[in-house]
Structure formats: structure tokens, C-alpha cells
Amino acid sequence: MNVSDELRSLEATGIYRLTGSRAAFLDPVRLLNESYRRFRLVPSAYYSRSFGPSNQGGDALGERTAPSPERKKRKRKRQLKPRELNAVERIAEARHQEARPFLISAHNSLLEAKDLLEFLPGMITGDECMPDVQNSSENNFVELGSSWRAPLCEMTLCFQKPHDQHEECPCRIQRRSSSLFNRKISVEENDEAEGEFQSRLYILPKGSCFLMTDLTHVRGLIPDNSDKGYNLIVIDPPWENGCVRQKEAYPTLPNRYLLYLPVQELAHPAGALIVLWITNREKLRRFVQEELLPSWGVKDPTEFYWLKVKSDGSLIGDLDLFHHRPYECLILGYINVNREAEPGSNFKFLQGHQVIMSVPGAHSRKPPLQKILSEYIPGAQPPRCIELFARELGSGWTSWGNEPLRFQDSMYFLENRSLLNAPAPNRRSKFETIAPQMPGVTSSSPASGLPELPRIRTTLPAACSKVGRPKAQGHMKAKAGERDESASSARHMSPPPQLDPEPGKRRCSWITANSEPLYVAFHDEEWGVPVHDDRKLFDLLTLSQALAELTWPVILSKREEFRAMVDGFYDASLGEFTDKKKMNQLSKSNGTTLLSEQKKRAVVTNAKQVRKVVHEFGSFSNYCWSFVNHRPVTNGFRYARQVPSKTPKSEAISKDMMRRGFRCVGPTTIYSFMQAAGIVNDHLPCCFRFDQACRQSKVDEKDVRAEGRLSSSSSEDSEIRGCN
């Protein structure tokens with residue numbers, strides 16, 4: 001196989017096999033683009049980190065370049081003598097010296113591939129000019145997933161569905177909404193999907209599946225049937241790292257938390273290949289080899305190396321630097337695989353060290369591994385693959401973590417022009433197909449001239465952004481008459497129609513155009529409205545407790561069942577509180593239990609404590625509102641990300657309620673209760689409900705003062721009558 005054939009293999013498969021060494025060069029962009037049909041990842045967006053060409057002359061050791069003669073010299077402190085390495089550092093240095101020959105041999109093979117070195121600069125830059133992805137603002141899924149807003153977040157998914165053969169349009173669009181956190185979202189095999197969340201578009205590859213949760217919900221990945229286990233498990237943990245912590249690149253995780261990953265339960269009974277990315281810290285290596293791998297049941301571990309190079313083939317740093325070495329390690333091993341069955345196996349067993357080279361992308365973004373490791377994966381083909389702590393999606397992969405959509409933002413992608421320019425004589429745009437389904441949109445609307453593959457906005461923009469209504473059709477025609485030559489471009493630049501269920505009303509950004517009607521009505525009519533009725537306050541407290549297990553749309557769909565349960569507990573006698581059968585009857589909806597056993601017992605206990613509070617304060621309302629001096633708190637946050645999950649006030653209320661015997665009343669639950677009961681007005685100022693809630697709070701404040709004056713005057717009259 002000559003050199004030109006190897007280069008053609010790189011262009012076709014994304015892998016360049018280097019002759020004379022156990023090494024290969026990868027192009028992650030080509031490997032990732034195999035998961036997409038209508039979109040493609042742009043090289044300049046992937047290789048966004050700045051690694052300029054060096055003047056090392058191809059030296060694998062990365063010697064320092066000579067200083068420029070024009071550069072001014074400055075006094076430098078006298079260099080101290082290098083300190084002696086301690087015992088752990090000596091072990092790490094010995095491990096590095098063991099890997100050094102493999103790395104140098106692989107890098108020399110790369111430098112000898114002259115055709116590849118000439119090809120690299122063009123491969124990195126590409127033909128497209130993309131915006132600065134490093135300085136662009138993106139959604140922080142880590143912060144959002146840990147806040148109280150996580151159960152409220154929804155993503156609108158847009159799928160292409162093929163029409164019947166007798167219809168003219170080759171495809172139609174279907175949309176559906178799904179909770180973004182703590183729920184598995186899958187994309188069908190035929191085509192990729194587009195997901196919209198908080199006015200940003202995300203490209204989801206075909207056949208992908210992701211679950212965005214924290215470590216407490218990782219067991220939701222375990223398949224019900226063991227035959228649905230995974231043959232390839234890639235784990236890229238956020239190891240504890242001082243450099244990452246200082247740069248605040250991403251939150252790290254204590255090492256011992258990884259012992260609770262259900263790796264054995266995820267592995268397929270026929271065998272699974274485990275791939276663990278690991279840093280070069282010796283203390284971490286010892287933990288992995290002595291504790292982590294044995295707890296997962298991994299056998300026969302083998303080390304691979306990922307060597308990072310620049311666009312000219314040189315290393316990104318000195319190979320012998322003790323810190324920040326230009327390579328990372330992968331530990332590979334098997335679960336449920338018997339070495340003795342090697343002659344009859346349908347895959348190759350891992351043998352010896354191998355080196356993978358590529359130009360690195362964004363910080364901590366690893367190259368895809370399925371294709372380079374395909375011959376070592378046990379089980380049937382194609383294998384079932386999963387990545388833990390994922391930061392991007394792949395076709396046929398299940399991805400889990402708190403930010404698997406990190407690199408799926410549409411700013412990294414471009415639409416495939418070859419599909420857009422494909423000849424189609426009677427082709428209609430997708431927008432025309434779905435336009436009759438949209439309120440206020442006709443086939444003659446100016447937006448109907450969009451290209452076949454537009455990016456359709458399916459959710460409301462972010463909070464406080466300008467929401468413009470579509471221009472009148474007559475105005476657009478007049479404008480087109482004035483400038484006929486630019487009419488087509490004007491139609492393309494016109495915004496898509498507003499999908500707000502009630503045009504003219506601007507709501508908080510977590511209410512989307514595809515939110516459930518009950519959820520929208522709850523936001524418009526109840527959420528943030530001051531409540532002073534004891535029974536309704538107890539009802540809202542119970543619903544806020546249910547948010548730990550359910551989402552608002554699910555809770556509101558079962559509102560009547562919850563209300564019946566709350567009323568039953570509120571009106572029950574003290575003897576019925578201990579009747580387990582009575583409690584189970586009150587807490588069921590169509591034969592299904594509404595709450596967990598812990599939450600049911602909390603409702604029973606809280607109903608008892610409410611009676612005690614009423615006896616002491618006169619009403620449950622007086623108790624709740626006394627913490628804010630009977631006056632609603634208006635925060636006026638401009639953006640949804642500013643709304644906290646708890647406050648010092650909610651912590652004080654939670655502490656007092658727990659002291660009185662209430663259960664399941666943590667600060668986050670109490671703050672959700674305060675928002676729903678109108679004790680706190682957290683509507684965004686751009687929401688039409690913000691001013692209404694402010695006016696309502698002033699009216700309620702006057703009523704409370706009037707009631708106070710009446711109660712004081714009545715008490716004085718009773719005292720006078722008593723004296724007479």
C-alpha cells in the first residue's frame with residue numbers, strides 16, 4: 001500500500017495507519033461527520049484551540065527555540081538547582097521512561113509521512129470561516145442541572161419524517177417536547193434531529209441517545225434485559241486536577257465517587273471492552289490499578305497513549321516535561337471475557353502498547369475511539385456503545401453525563417450544501433409542509449420562501465430578548481415592489497412566525513411554545529400569586545415536595561388526584577393517620593401510587609404539624625407569611641439563570657419547620673413553595689405576570705393592614721366592654 005493510498009484512506013475513513021510502528025493518526029472531524037447526513041462538523045470550529053507551528057525542526061523532544069535578537073533582554077533570577085524527586089515522583093518518572101520509546105517511535109513515523117504533514121494544515125483550517133466559538137456564550141448545563149429549574153427545562157425536538165410515496169413533498173417535520181434533565185432522549189436511526197433549548201439549536205446525530213443527570217441517577221442507564229448490555233464502555237471522568245480547578249474549566253469529581261459507577265451492570269454478558277481515560281498523576285494511577293479496576297471486574301488491563309501534535313506535526317509541548325506532558329493515557333481491559341477462549345473468538349485481544357495521534361480540539365475533548373478499536377470489541381456487530389461523562393454525542397451511542405450536549409451546539413456545524421442543492425423539480429420547502437399547522441401562517445406568507453432545510457425556531461427566545469412579530473404581508477409586498485432584486489433575500493432573512501400560544505404575551509423564558517397548556521395556565525394564573533388560605537398553602541407545600549420526584553407538567557396533569565389526597569390527609573382524624581390502608585387509598589391515582597413511601601409519610605406528618613401551627617399562630621398563613629413581614633418579596637431578576645434554587649430566607653424557614661417536626665422541607669423545596677404561594681415573586685420583568693403580581697401584592701398588603709386595624713379595634717372594644 002503506497003503513501004497516496006494511505007492518504008486517501010484518511011480522507012475516506014479518518015484513520016491514517018503509520019507504517020513501521022504500532023501507531024495511527026486520527027482526524028476526529030471526519031470520524032464524527034460519519035454520524036451526520038444533513039449537517040457536518042466544521043474543522044475550524046473543532047480545532048478552536050490555538051497551537052501555532054513551532055520552530056523545532058521536527059525534533060520529537062521539542063527543544064526550545066532560540067530567542068529573537070530583536071527581543072530585549074531582561075534580568076532573570078538565578079535558576080535554582082533542580083530539586084530531587086520524591087518516591088512517588090520517581091515512580092512516575094520511571095513509568096514515563098518506559099513509555100518514552102513507544103512515543104518517540106510513533107512521532108518519528110509521523111514526521112516521515114511527508115504527504116500527511118503537507119495535508120494537515122488544510123485539514124485543520126478547512127474552507128469555511130466560523131465565528132469565535134471560544135468567546136461565544138453557551139448554556140451552562142452543569143449549573144442549570146443542579147438548580148431548581150432543572151425539572152422545568154424542556155427541549156423541543158424536530159424530526160424529519162418521510163411522506164408516503166404518492167405525496168409530492170419528500171419529507172415532513174414532526175416536533176415533540178421532552179424534559180431535558182433526568183430523562184433519556186433518543187433519536188431515530190433514519191436521520192438526525194434538531195433540538196431547541198433557550199433559543200439555541202443543538203444537532204443530535206441519528207441513532208444517538210443521551211441521559212443528562214448527575215451521579216445520583218446513573219443507575220437509570222442499567223438495561224432491564226442483560227442482553228441489552230454494552231460491548232464498548234468509554235469513561236472519561238473529571239479527575240481531580242489542580243490545573244483544571246484553577247482555570248475553572250469544568251467541575252471535578254472526587255476519585256472515590258467512581259467506585260459507585262455500575263460498570264459491571266452495564267457490561268454485556270458476552271463481553272465488554274472498557275476504556276478509561278486517565279491523567280499522568282501517579283497517585284491516581286495507583287488508585288485506578290489497586291481499587292477502581294478490581295471493583296469494576298476489569299481484567300487484563302493494557303495501556304494505550306494519545307499523543308497530541310500540532311498542525312505541522314510537532315508535539316504541543318516538551319515530551320520530558322514533568323507536568324503538562326503532551327500525551328494522555330488510556331487503560332483498556334475486558335469484562336466477562338475469558339482469555340482461554342481466544343482461538344474461537346470473533347475479535348482480537350489487546351496486545352501491547354499502541355499510540356493514537358491527533359491534533360487536539362477544545363479542552364478535554366477526546367477523539368472518537370470506536371473505529372480505531374473496532375477489532376478489539378467483543379460481541380455481535382455493530383456493538384452497543386456507551387460513554388460515561390460524555391461531552392458530545394455519536395451515532396449509535398448512549399451518552400451520559402451532566403453536559404453531553406456540550407459540543408452539539410449548532411455553531412460547530414454547517415448544513416450540508418450537497419443536499420440543499422440537490423435537484424428536485426417539484427420540491428416544496430419543509431416550512432410550507434408545516435405552515436398550515438401554525439396559527440396565523442398561510443402558504444402565501446413571506447416566510448414560505450425559505451430553503452428546504454431551514455432551522456425552525458420551536459421555542460420562545462431567552463428571557464428579556466426582543467420578540468418581534470412577523471411583518472404584515474402587505475408591507476412585505478410593498479417592500480418587495482420597491483426592491484425587486486432583493487425580494488428573495490428579504491424573504492430568506494424574515495424571521496419565522498411567532499409560535500406563542502397567545503401572541504403579544506411575553507412569559508418567563510422557561511415557558512416555551514410547546515409547553516403543556518396546564519403548565520402555561522399554572523404560570524399565568526397561580527404561580528407567584530399570593531395565597532393566604534391554609535388548605536391551599538398545604539396543597540402547594542405538598543406539590544413542591546413532589547417536585548423531587550416529578551415535574552410540574554406531570555404534577556399538574558394529576559392535580560385533582562393530588563388535591564384529593566391532600567384534602568384526605570388534611571381532614572383525616574388523628575386515628576386515621578396511623579391506618580396504613582387508609583393512607584394507601586388516599587395516595588393512589590388510577591391504581592398508581594402518586595408519591596413514594598417517604599413522601600407519603602411526610603405529607604401525613606406535615607398535616608399533623610400544620611394543626612399545631614394553627615393552634616399556635618391562628619393560621620398556617622400567618623406562620624408562613626410572618627417570615628417576610630406579611631409582604632411579598634419581589635426579586636426582579638432579569639435572566640432565568642439568576643433565579644436561585646434557595647435563599648437564606650428559605651433556609652431559615654426550612655430550619656424552623658424541621659425544628660417543629662415537618663419532614664421533606666429542605667431549603668430548595670421551601671423556596672419552590674414560596675414561589676408558588678406568591679411569598680416570592682420570581683417572574684422575570686419581561687413577563688406580563690411580573691407587573692400583575694406586583695400590583696396584586698400591594699392590594700394584599702392593604703388588606704392585611706386593614707385586617708390588622710380591624711382586629712386591633714375589636715380587641716379594644718372587647719376590653720372596654722369588659723371594664724364596663
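This is a predicted model: local features need pLDDT of at least 70, side-chain atom pairs count only at pLDDT 80 or more; totals for chains, interfaces and linings use all residues.
Helix 22 spans residues 667–676. Of its 10 residues, 8 are buried, so the helix is largely enclosed by the rest of the structure. The buried residues are Thr 669, Ile 670, Tyr 671, Ser 672, Phe 673, Met 674, Gln 675 and Ala 676. Several elements contribute to the cover over these residues. Among them are helix 14 (517–525), helix 15 (534–546) and helix 20 (620–625). Helix 21 (648–659) and strand 21 (680–681) are also included. After helix 22 comes Gly 678, which has a positive phi, near 80°.

**Helix 15 and its two partners**

Two packed helices are described by the angle between their axes and the distance between the axes.

| Helix pair | Axes come within | Crossing angle |
|---|---|---|
| Helix 15 and helix 19 | 11 Å | roughly 150° |
| Helix 15 and helix 22 | 9 Å | roughly 135° |

Take the pair with helix 22 first. The axes cross at roughly 135°. That makes helix 15 oblique to helix 22. Their crossing is right-handed. On the helix 15 side, the contact uses Leu 537, Leu 540, Leu 541, Ser 544 and Gln 545. Helix 22 supplies Thr 669, Ile 670, Ser 672, Phe 673 and Ala 676. These five residues of helix 22 are among its buried ones.

Now the pair with helix 19, which covers residues 597–617. The axes cross at roughly 150°. Angles over 145 degrees count as roughly antiparallel, and helix 15 and helix 19 are therefore roughly antiparallel to each other. Helix 15 passes helix 19 in a right-handed crossing. Helix 15 makes this contact through Asp 534, Phe 538, Thr 542 and Gln 545. The helix 19 side consists of Lys 599, Val 603, Asn 606, Ala 607, Val 610 and Val 614. Gln 545 takes part in the contact with helix 19 and also in the one with helix 22.

**Nonpolar cores**

The largest nonpolar core has 74 residues. Phe 25, Ile 235 and Trp 296 have the most contacts inside it. A second, separate core has 49 residues, including Leu 543, Leu 547, Val 610 and Phe 620. Val 610 is also part of the helix 19 contact with helix 15.

**Buried polar residues**

Lys 308 sits in strand 12 (residues 299–308). Its relative accessible area is 13%, so Lys 308 is buried. The Lys 308 side chain makes a polar contact of 2.8 Å with the side chain of Glu 328. Beyond four places in sequence, Lys 308 also contacts Leu 315, Ile 316, Pro 326, Ser 358 and Pro 360. Lys 308 and Met 357 are 49 residues apart in sequence, but their C-alpha atoms are 5.9 Å apart in space.

Glu 194 belongs to strand 7 (residues 193–197). With a relative accessible area of 5%, Glu 194 is buried. A polar contact of 3.2 Å links its side chain to that of Arg 38.

Thr 551 lies in the loop between helix 15 and helix 16 (552–557). At 15% relative accessibility, Thr 551 counts as buried. Setting aside neighbours within four places in sequence, Thr 551 contacts Pro 151 and Ser 179.

How values were computed. Residues are numbered from 1 along each chain as its sequence is written. Side-chain values use heavy atoms; hydrogens and water are left out. Buried means under 20% relative accessible area, exposed over 50%, partly exposed in between (1.4 Å probe, protein chains only). Helices (H or I, at least four residues) and strands (E, at least two) are DSSP runs, numbered from the N terminus. Contact means heavy atoms within 4.5 Å. A nonpolar core is a set of buried Ala, Val, Leu, Ile, Met, Phe, Trp, Tyr and Cys residues joined through side-chain atoms within 4.5 Å. A polar contact is a pair of N or O atoms within 3.5 Å; within protein, one must be able to donate a hydrogen and the other to accept it, and residues adjacent in sequence count only if both atoms are side-chain atoms. Axes are lines fitted to C-alpha atoms, for helices over the stretch in contact, and angles run from 0 to 180 degrees between N-to-C directions. Angles under 35 degrees count as roughly parallel, over 145 as roughly antiparallel, 65 to 115 as roughly perpendicular and the rest as oblique. A crossing is left-handed if the near helix is turned anticlockwise from the far one by less than a right angle, and right-handed if clockwise.
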